[in-house]
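Trainee: I'm new to this one. Could we look at it together and go through it bit by bit?

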Amino acid sequence: MTNQTRTGVSRRTLLAGAAVLGGSALFPIEQVKAAGGIKTLRIASGEADGVKGTLDPAYGTNDPDAARAGLVFEGLVKLDEAFAVQPSLATAWKPNDDGSVWTFNLRPGVKFHDGSPFTATDVIFSFRRLFDPKTPSPSAAWLAPIDPENIKAVDDLTVEFKLREPVVEFPELIYSHKVVKAGQTNEQVRTAGIGTGAFKVERFVPGEEPSTYVRHDQYWQPGKPGVDRVELRSIPEEAARIAALVSGQVDLFWDLPLRGLTRLEQDKNIVLQTAKTSFWLGLAAWTDTKPFDDPRVRLALKLAANRDQLLKAVLGGHGSVANDQPVAPWIKFGLPDEPRKQDIEQAKKLLAEAGYPDGIDVELYTSASGSGLVELATAYKAQAEAAGIRISINQAPAEDYWSNIWLKKPFIVTAWSGKGADAALARPFLSDAEWNETHWHNDAFDKLILEARRTIDEKKRGELYQKAQELVRDDGGALILLFADAIGATRANVRGWKLHPQKLSQSYVDVTIVD
Amino acid sequence: MRVAPIPRLIVTRLALSVLSLFVVSLIVFSAVELLPGDTAERILGREATKESLAALRTQLRLSDPAPERYARWLGGIVQGDFGRSLVADRPVFSYIAGYLGRTLLLGGLALLIHIPLSIGLGLLAAARPDGASDLALSAAVLIGMSIPEFVVGIFLIMLLANDLQLFPPLALIDQAKSFGDVIHMLALPVITLNFAMTAYVVRQTRNSMIEVLKSDYVRMASLRGLSPLRVLFVHALPNALSPAINAIALNASWLVGGIVVVEVVFNYPGLGRLLVESIRFHDVPMIQGAALALSAAYIAVNLVADIATLLLNPKLRTRTA
């Protein structure tokens, strides 16, 4: 019969053979580059997007997408650390009298990755495609004032946007919209992306890690970029990401957890960077639903919070306390006032005046869908109890939180990424905003925002936005409690990188790696 | 009439497996349908607007009735077309092949260590039942099994990668410059997996070996004057292995789909992770493809285990039909 006693051995040999064969076939093992010649910057994102990944600035919704687009493409303007606009592909811009027509002068001598020159045609193409029904870009709604048919090339290096309505902060509206070379299909933009950025795509297949980029030799900033190659990958598990940096498997990342950093702080091969951001964490209550329909109850909720304590408990101290309005003091037009102090007696008094002498019982939804959201609920619950605000916490599944709980439950823990004053105020708080998470309808507020948007004079505009902030602070249904810092880290031999407070505005143009 | 049992086994199993795969696909499809939310919401994320959601739904044909979508998918499968991932907008097959390949590589390496290690340890324990080495071994492997893989993985990273610097912490195999590097990078996940798998097989091998060593035919063999080694490896071991093989088969099927946690800790893109991510996005064709690949691997592993058992057991092998 068969020589069965050998099968065990042969199966093992077979497995080994399969492993070896499989290995060499599956991983095109990178050709060893001339030693020391090529400087590669290895970046890790904490967010993973798997097979969903894209380079296309029309779709990018998450960190790796933004990082890819930031390497390959550039916008007309960019945001500095105070969220003010600075020149990028446009060198200058000016509005007409009421801000309904904007003219951008484009930077001469800029070359795309394929060597072709950058002109007004590319700008028009890049904005028009956002409105193409075949491109369901989430951006289109924000850019509603743009009339795609009325973007005109005045000459090769001048573009004019004739808007449907005046927008005095138009450059702020479009800073994140990158320019792609005209004529590319959606699929080309998604994976091959021809842009003007400092790096061009070497290899990007959605779902295959890492994506790699090489320097754009004809980049318009002389002598830049400072590295030859970039590798970008996602390492979602925090401990793993830190281990990879410590052991030198990656060089840089921009999203460290805010707690448990002692080990990294002591490592002399690692440099940590902190940036103040206006990413806020807080609670949102429906102002048309009992008991939150009474402004006194909302104020009581705000007064019950001990913000300094929350800052330590939720963010490990890496952040700032907020004052129930979303424009941080260091952001352009931000109100510079002192945050509310906890006042339990006043909170009780307000509740009693509102008809709740025995306090209130409310259900608060939270989830682990963002760092600190669960901790915030727990810590606030403990503080509010003293004021007779009895909270039962309902921890919902993280996966569905933003589609099934947010905007659908009356009292939730929420978080918003940092934005400029107008977007930070308008998107959650305008009466007809799609994301009006507090169901707040305040005509005075709406009028202030709309008037600010028509006010060319910057000082007057600032005053209007500050008045709007006061209304949100005193009457709104959101408890805006904390602004979280961003913490990034690099290996010590990485130079020239500055952590940008806005994740999607990171730049690697100036980064160099020393030996 | 004698029918060779192994070919018969293979043919029956393959026929049954087609049926199982069909049932699996139906269950998986229905389960995904029951999940709240849809692919368009997951793709566009929190900042999506109603208009862009509607446009994407039309593009992905999400509003077609569920039976129609299932039938369309099944029609493709019959022709060998796994369909396109809704999220990646690329053929499912290219992903499944890559991810399954990596899973098989990691799983294969882990088994390569696992099989001799756990059987060897089982034999060692059986050599002196309830002796000091037996007790110490049992305790050690049980502790190894009881600690979650996640904790073992992080601990190994801190100890062997960050402190002692023996291995790279993460399995970033794209950074490997040779196949040796790949092995080096996979060392920590392989060790972690072995922590989790060893205990059961060691227990099975030990117990059945003790049984077999007590049996009449083994004593007979010894009395006939055969050398102890020959008695152990040629007479006793093959019979003692059947329970161990079943336990190894269980571990092997776990390796194909259940090691997401290890894949996450070591940042290794395996099939389990692809499946979890696809479920997050409601990417039905991709989920179906991954589930089919997992089920097929599971069926194959069990088939191999049964064949191995048959080959080791003359009684089963020669039974008449």
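Trainee: In which loop of chain A is L407(A) found?

Mentor: Before that, some ground rules: this is a predicted model, where local features need pLDDT of at least 70, side-chain atom pairs count only at pLDDT 80 or more, and totals for chains, interfaces and linings use all residues. Residues are numbered from 1 along each chain as its sequence is written, chains are lettered from A and ligands numbered from 1 in the order in which they are written, and side-chain values use heavy atoms, with hydrogens and water left out. Helices (H or I, at least four residues) and strands (E, at least two) are DSSP runs numbered from the N terminus. L407(A) sits in the loop between helix 12 (401–405) and strand 18 (411–416) of chain A.

Trainee: What is phi of L407(A) near?

Mentor: Most residues other than glycine have a negative phi. L407(A) is not glycine, yet its phi is positive, near 70°.

Trainee: And D324(A), with its positive phi: is D324(A) buried or exposed?

Mentor: Phi of D324(A) is near 65°, and the residue lies in the loop between strand 15 (319–321) and helix 10 (344–353) of chain A. Buried means under 20% relative accessible area, exposed over 50%, and partly exposed in between (1.4 Å probe, protein chains only). L407(A), at 29%, counts as partly exposed. D324(A) has a relative accessible area of 0%, so D324(A) is buried.

Trainee: Over to the interface: how many residues of chain B are in contact with chain A?

Mentor: Contact means heavy atoms within 4.5 Å. On the chain A side, 66 residues take part. For chain B, the number is 62.

Trainee: Which residue of chain B forms a salt bridge with E208(A)?

Mentor: A salt bridge is a side-chain nitrogen of Lys or Arg within 4 Å of a carboxyl oxygen of Asp or Glu. The count between chain B and chain A is three. In this one, the closest N and O atoms are 3.4 Å apart, and the partner is R102(B).

Trainee: Last one: how many helices does chain B have?

Mentor: Chain B has zero strands. The helices come to 14.
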